[in-house]
Every structure is written in C-alpha cells, then in structure tokens.
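Hi,

Here's the structure I promised to pass on.

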Amino acid sequence: MSGFLTHSEADLRDAAAFAVERAQALGAQASATARNEGSARIEVKGGEAQKAERDAHQTLTITVIRDSRQGTASTAAIDRDSIIRVVEEASLIAAQVQPDPEDGLPPREWLAFSGAEPELHEAGGNYVEALLSTALDIDRAASGASAPGGCSIQVSEAVAIATEGMWALATSDGFCRSSRYSDHVRWCLMLATDAEGSASEFFESRDRRVTGLASPDRIAGEAIARARSVLNARPAPIWRGPVMFEPRAAAGLVGELAGALGGMAQCRKMTFLPDPLGRQVAAEHVCLDEDPFEPFGLASGGFDSDGIAGSVRPIIENGVARGLFLSTYSARKLGGRSTGNAEGFYNLRLSSKRRGGTRQEMLAKLGSGLLVTGFQGGSTDSATGNWTRAVKGLWIENGEVAHAVRGVTLAGEIPAMMKNIVAVGDDLTRLGSVRTGSLLIDDMQVGGGA
Amino acid sequence: VNGGTLAMDRAREQLLAPAGLDEALIGRALGRLAGGGADLADLYFEATSVRRWALNEGRVASGGFSMRQGVGARAAHGGSVSFAHSADFREMALDETVSAVRTLARHGDANRHPDGIAIASAGAAHSLYPPVEAASAEDAAAWIALLERIDRIARAADPRIVHVEANVRATDTTMFVANADGQSAADVRPATVVLVMVVAEQNGRRSRGQGGFGGRWGLEGFTDAGIDRMVASAVRIATTNLEAIPAPVGEIPVVLSSGYPGVLFHEAVGHGLEGDHHRKGLSAFTGRVGERIAAKGVTVIDDGGIPGRLGSLGVDDEGTSPDRTVLVEDGILTGLMQDRFNAGLMNVRSTGNGRRQSYAHLPMPRMTNTFLTNGQEDPAAILASLDRGIYATEFGGGQVDIVTGRFNFTTMEAWLVENGKLVAPVQGATLIGLGHEALKHVSMVGNDFGLDAGMATCGKEGQTISVSVGQPTIRIDQMLVGGRG
C-alpha cells in the first residue's frame, strides 16, 4: 500500500458486499458503498511549516429497499459489528417510511458490470516530505516579490496537499466494482498591500498526477502577478454593458447552467430551464460536452453510485439542450433512462463554433467594461434564474487593463446571460470538472461606487 | 445539568470504555504527544450519531442514520501545529495517531512525561442544554407525523403553494478533551434542526421560500407554535416573491429587520475579530482595537452561554467555558475571540471560542452566538424614516473577505420602500460594504431584538459549524445594493 490508504480495494469491495448480503438475509434489496480516503496537507509561511495535517477516514453506507420503502444508514467504522448495526438501522428505517415507487435499484440491464474505467490514480511515494519541500519551494519562490512604490506583496501561505482514495459499490443484483484515485493540490496565497489597505490573491494548481501540476516557480509567479494586479483598486461605475469572465469565474457560470439541467432540479421544477430538451438555452454558437472517461480527469468515473456508466455526449449543441444529468431516481420521475449522473456531472467542456481569440483579443472585443476575476458571494434563484454576485475584477478601457476595482456587484438573469454569450476565449482552462475559456457576455448590470 | 461529572461519566461509558481506554492510558498518550516540550498538546475524542427524516411530495419516504467516532491529536510548537486523527482509538491505534503527529512535528523522540500526564477528573458543570438523546430511534413516528403536519399546514396556508419539502436532522455528540496541562472536560451536545422549503406558483411564475427552526434539544423542543411560525414565514417569502420586481442598483439607505439579518454583524465585524487573523496580521481590523468603527449605540457581543442555542457550548472544543465577549462597545472596537493556540501565541487568555467541525478537524477561533444589542427606536418609526430605500427581512447568507474587510450578503425577502411605505417586493440582490466603514452609517437601532430561528451555520476554512445571529431592526444610511436595476 502506497501513501495514505488504510484499506485495500478488495477490503472495500468485501465490506460493501458483506453489507448487501446482510440486508439480503433480512429479505431486502440493497446497495452499499464503502469509501476510504487519506491525505496530508502542509502549510508553509516564512520558510517554516505552520500546519501539518494527516487525514484518514472511511465510511460505509447501506441503502436497504423493501416494498419500495427505503432506508439508509452509514458508519465511519467498517468492522463487521458496525456494518451489522447499520444494516439493522437501515432496515428499521425502511420499515418506518412510506413507499416511493420511484425508489429502488435500477433495472439490472442499466448496470455497468464491466466497461471502460478511466485511470485516476498515480501511485505516490514519500508524500509528507515531498509536500513539505514543495510548499517550501513555493514560499521561497514567492518571497521578496517586488511591488510598485508604497506597496508590498507578501506570501500569506504556501500549501501542498496530496490525497489518495478509493471506493467500492456492491448491490443485490450482483454488481461489485471499485475504483481508486489520487488528487494533488498546491496553491500560493499572497497579501497585496497599498495605501488603502490589503487584499489577497492566489493561484492554484490541481491534478491527479504530480507530473501534471504547475511548478513551484510558476505557481509563485502567477500568484505574484495576480497580487500585483489588485493593487491601487478604485471603485467601478454603475454601468450596463458587456462583461468578460476569466476562466475561473466562467467555470462557475458553466456550473450554474449544468446545475439547471440536473435531474432533481428538473423533477422539482426548481430550475430556470424547465423542460429544456430541444430548446435554445444558450447562444447558438455555444456547445457543452460531457466526457466521463478522460484519463486522470478531475470528474472522471467508470460508473456512478447507482452502478451506471455515463457516456461521451453533447449536453448543449449549437445552443440547444440535448441532455440532462439523471440518476436512476430522477430518470424514473421524468420517465426516462439514467444517464449515469447520480453523483452529478462528469468532465464538461464549454466551446464555441465562433473563433474566440486569445485573452488579449477577447479584451479587445470587450473594449471598455468589467473583467471579472472571481466571485466573493451572492446567490442564484434556481426558480427564476435571477443572479446576483459580489465580484473581484479589473476595469478595462480600450482593450487594456485600466485598474483593479473594489466593492463591485454584478447582476443578471442566467437564461438571458447564456443567450448573450458573445464569445468563448481560446484560453481554455480546467477548473475541477469544467473546462472553459474566458466568456464575454453582453448586457450585464454592474453596481459600484462603494 | 450537563458537563462536569455527568458528561464525564457519559464519555467514559460511550467513548472510552468501549475502546478499552481510561484516564491513565490517555495521560500516557498525551505525554508522548507533548514529547520533549510542545507548547500545547491535546486529544479530542468524539462520538456522533445523526438521524434524519425527509418529506417530499406529501410523504416521508426517506430516512437515514449515521454514526461516527474518532480522536483528533494536536501538538503545537510555537506557531507550528501538527495534527492527525483516526476513527479507531483503541490503545494501539491511539499510539499510531500520536506517532503520526510526532512524525509531522519533526521534534525528535524526547518524552518529558514517561509516566504520563495526570488528568484532572472533570471540567465545570453547566445548564445551557440538557444531556438528552436528540437522535433517538424511538421518536421516528413522532418525527414523521411532525413533517406530515408541516406539509399540511403549508399547503393549507395558500392555494398557490404547489410543492413542499421538509426535513429534520437530529444529532447527538458526546465529546471528551484532555490536554498536556492535565485539564479535561466532557460535554453532551444535542442539536436538532427542522428545515422547510416551499414553492409557490402563479400564472406560470414560480418562487421559493424557506425557513428553519432548531436548538440544542430533541423532539420536545418543537412546539406547534414554533413550527407554525416557521411554515408561515416560508409561505410568506415564496408568495411575496411571486410579485418581485428587479432590485435597484446603487448606494441607497436600507432597513434590516430584527433576527437573522443580524448576519450583517457576523460578517461585517465577527470574522474580522477572530484571533487567528489578528495573530497573522491578516484582518482589516488588525491594529484597530480601541478605534471607533461604528456609530454610538452599536454594541456587538459574542456569547456562547445562551441557553438552548445551537451556537452555545457548555465548554468549547478545547475544554474552556465560553465567555460573553464584547466585540464592539458603543461603536468602539473592544474585543477579540480566541482559542487556546492563538491566545497562547498572543499572550492573552482563551475566550472559549475554540471550535471544530469534528474530531477530524483542527479547532480555530470561531463565533458562537453573535448579535447587535437592543437600542431605543420603535421599529415602525425606523421603517417610516425611509424616503426611498430597501427594507430587507430575510437573507440567504453572507460572506466576508477578512483581508479587505469587504462583506456581502444576499436578500431573500426584501421590499422597495418609498415615503416609508412598502412599494413592491424586490428580487434577490447582493448588498456589500466595508466592515470598518459600513457600521458608521448605522443611524437607528430598534428596540425589538431577536435571534435567528435556530438554523444558522458558519463556514471557515472548509469547516461548517452551527452559530446564532441576531439584532433589532436597524437603519443603515448608505449601502451598495446590487440589483439588476
């Protein structure tokens, strides 16, 4: 066993299968997941470790179904006695709740008994020492950054985290598969201080393989550049017009769009895109594609927690919705077939049939207006699509950065915003499960002056 | 009565004895954890069980139970903390967890306490909440009936209500903490929250409303009157928002009603007064203690000792009894909230604000129940004073950037007001301000103080805990409202 895991994949499959057998012995159908994850996190400042943490946990969750009545129970200890206890608890709950005809295991023919399994794990070595030396390297590379007169740029924290995990799913239909993954994150948080006060900025790199991560020098360099860009911020005007979103902000908008196409949102009609299939939900040059099987993808998987595989497919094609994200439960409610999305969406990629251009070309298209670099709070009304945010950003004049802005709100309606996408930049960036370039969206309301 | 020897007996019976542990074994583990001279070392044991029931489409077809337990081991040398945790704390596993911390800390093999550390028997008793079992399996039928009643009264309240969801989550936590100074404390913490979400529909337009109600109690705390109030509020929010128009944009006066809108003070000053941000020099309030940051009449308090509140603690997660800390007194910044680690480094004492999400998380300075105290004004007069502005009665939550001090929060139920009269409800808008500036514009403080209904949570560095917020009705003369215009 390398790294942090305290169990083997076979242990997890055995634990899940044991739970299912116990439930079957009580005359029920069942599905069980067993998970084990471990990680180490090192935080450095001023050349010294400020925090060193080791995490290790496991969970077994059993769902018992009898006569369309369902009970769920979980335990953080996965010894046999604890498993027997939670199977009994789940069974007791199933006896107390009312039946729901849509509850229950998926039809056997939907299950991914075999099939493609994307590679998600890279074996690791001496993680803690390696993490410490990486975090120290980032801290060192980011220290002593130069700043314009009267300003300073200092390291707040340099962090390196390594995680290994795995999970297994067993069901009373004989399904029993497992999967393992690794995940590495490094970031550098900087403090930028000018005459008005301080602000923070950061740069993060995340990948399933150490070799896929940005180097400590690049992480420090990007973090310094971002910190420098927020110095000497000024208020923004109250203004209506086009707004450009950097990829890390744009990814949040893509997530909102995908969320509205989620099965539970559709079942409850708590979505600003009701009955969307075949309808125009975004500008006609915009496409959104899903790929569950990308090797080392941050949202890849061979099967969901119902045991069903996803597929490579278009979600939005030329602005028209072609797919929803369905679990067994939501598929039954809506009268369709699961798309294997019980855990949410897999890797998504937003693209455009129009040429977007480089960041600089995108800024030229924006002309004058707001470039959003991050969100600081706000909310989305899932029923109406009313969207309101506090944002961080830069004011652009004639395609060039004029100054950073502070105290800015931004508001719109997501359905209109998606139709008002003017261009998707070529600066494609992966942010967790979403890949997108910068987005240029017309007719947004900027509030400023604070 | 809770805490003290009662909680200690409960912890021995539920946590320690099943794992074969006693105070002598824990004292030896603490000795190893402290090694050759940690400035702070502690072991935190916890067992939690949770029961939940959920109603959807008129029936309770979903229920769940979960149980977990574990130990978190921490050692600090100067400003450097090492931490590891384990779900298993039988003697061998506890030894391994302690070894993991020593490896992380890289302070060698020394042990100043080869015979272990003598642990004092128990912390102080308290009567903030009873040691009841909130997550009892026996209560299933009563919980299901309560959720079904919520569905009935919500649908009966207004024919436009087309969808109702509700759930209850009851949690029992037993904790025991012991440190290398030989102090120990135990506590039994019940916590139950009922949440409701309703959807209203009219002429094809849909809107949602939500509410919650909870405290450190079990089923017995959920009176019909309390449930009725929660449902009525959710129905009112949903039906009000059916008529909502886009919110204005710009710097305008706002009136915030009593209760949950006190989240303003949690965000605008609370987070910025947590000791860790000051030790690191990161808070916009660093160096401002003693300065005027708000108008006279503005007094903000963090008090972990209010009976029954979800933010209350008999002892914090480091075994310290919580203070009533005055954060802002008559407009002057006065106090910080501390845990043992930061207090030690800043050479002050802990205020009992050391909290953690679970045994698997490091404690930090966190808020408990944080609120603006009562003023003199009649709330009706405060609303009547608004020539043109926003009157906000419910918020969806808030955030703050500690470094800049800039906070924001988003309305869930608010009205456009002209000449002191409600003109029309407005859609959700983000309100933003700067902690050390915005409160100078608080011009009126009402006499109708109230705390939230018992469902507030707070997130910090990825850890979520329960808190309370509160205030009387207030008027702020100038605030940036970011609507669609």
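Predicted model: local features only at pLDDT ≥ 70, side-chain atom pairs only at ≥ 80, totals over all residues.

Chain A has 450 residues, of which 58% count as buried. Its secondary structure comes to nine helices and 19 strands. The C-alpha trace spans about 75 × 55 × 35 Å along the principal axes of chain A. For 450 residues, a compact globule would have a radius of gyration near 22 Å, and the 24 Å of chain A agrees with that. If you take the contacts in chain A between residues at least 6 apart in sequence, 72% of them join residues at least 24 apart.

Chain B has ten helices and 25 strands. Its radius of gyration is 24 Å, close to the 23 Å that the globule rule gives for 485 residues, so chain B is as compact as a globular protein of that length. Along the principal axes, the C-alpha trace of chain B spans about 75 × 55 × 35 Å. Buried residues make up 63% of the 485 residues here. As for contacts in chain B with a separation of 6 or more, 75% are between residues 24 or more positions apart.

In chain A, have a look at helix H3 (residues 127–142) and helix H4 (residues 216–229): their axes come within 8 Å and cross at roughly 45 degrees. H3(A) and H4(A) are therefore oblique to each other, and their crossing is right-handed. On the H3(A) side the contact is made by Thr134(A), Asp137(A), Ile138(A), Ala141(A) and Ala142(A), which meet Pro216(A), Asp217(A), Ile219(A), Ala220(A) and Ile224(A) in H4(A). Sorted by class, that contact has seven nonpolar, one polar and two charged residues.

In chain B, the pair to look at is helix H4 (residues 140–157) and helix H5 (residues 224–241), with axes that come within 10 Å and cross at roughly 45 degrees. That makes H4(B) and H5(B) oblique to each other, and the crossing is right-handed. H4(B) brings Leu146(B), Arg149(B), Ile150(B), Ile153(B), Ala154(B) and Ala157(B) to the contact, while H5(B) brings Asp224(B), Ile227(B), Asp228(B), Met230(B), Val231(B) and Val235(B). The class count for H4(B) with H5(B) is nine nonpolar, no polar and three charged residues.

When you look at those contact lists, keep in mind that an α-helix has 3.6 residues a turn, so residues three or four places apart point the same way.

**A buried helix in chain B**

How many of the eight residues of helix H6 (residues 263–270) of chain B are buried? Eight of the eight, so H6(B) is largely enclosed by the rest of the structure. The buried residues of H6(B) are Val263(B), Leu264(B), Phe265(B), His266(B), Glu267(B), Ala268(B), Val269(B) and Gly270(B). Note that His266(B) and Glu267(B) are among them.

**Single residues**

Ser152(A) lies in strand E4 (residues 152–171) of chain A. Its relative accessible area is 25%, so Ser152(A) is partly exposed. Leaving out residues up to four places away in sequence, Ser152(A) touches Ala147(A), Leu191(A), Ala192(A), Thr193(A) and Leu231(A). Of these, Leu191(A) is 39 residues from Ser152(A) along the chain, with 8.1 Å between the two C-alpha atoms.

Then there are two asparagines with a positive phi. Asn318(A) has phi near 50 degrees, a positive value in a residue other than glycine. You'll find Asn318(A) in the loop between strand E10 (313–317) and strand E11 (320–321) of chain A.

Asn347(B) lies in the loop between helix H8 (340–346) and strand E13 (354–355) of chain B. With 72% relative accessibility, Asn347(B) counts as exposed.

Over to you, and cheers!

Conventions. Residues numbered from 1 in each chain as written. Chains lettered and ligands numbered in written order. Heavy atoms only, no water. Axes fitted to C-alpha atoms, helices over the stretch in contact; angles between N-to-C directions. Helix = DSSP H or I, 4+ residues; strand = E, 2+ residues; numbered from the N terminus. Parallel < 35°, antiparallel > 145°, perpendicular 65-115°, else oblique. Left-handed = near helix turned anticlockwise from the far one by under 90°. Contact = heavy atoms within 4.5 Å. Nonpolar A, V, L, I, M, F, W, Y, C, P; charged D, E, K, R; others polar. Rg over C-alpha atoms; globule rule 2.2 N^0.38 Å. Buried < 20%, exposed > 50% of the residue type's maximum accessible area, 1.4 Å probe, protein only.
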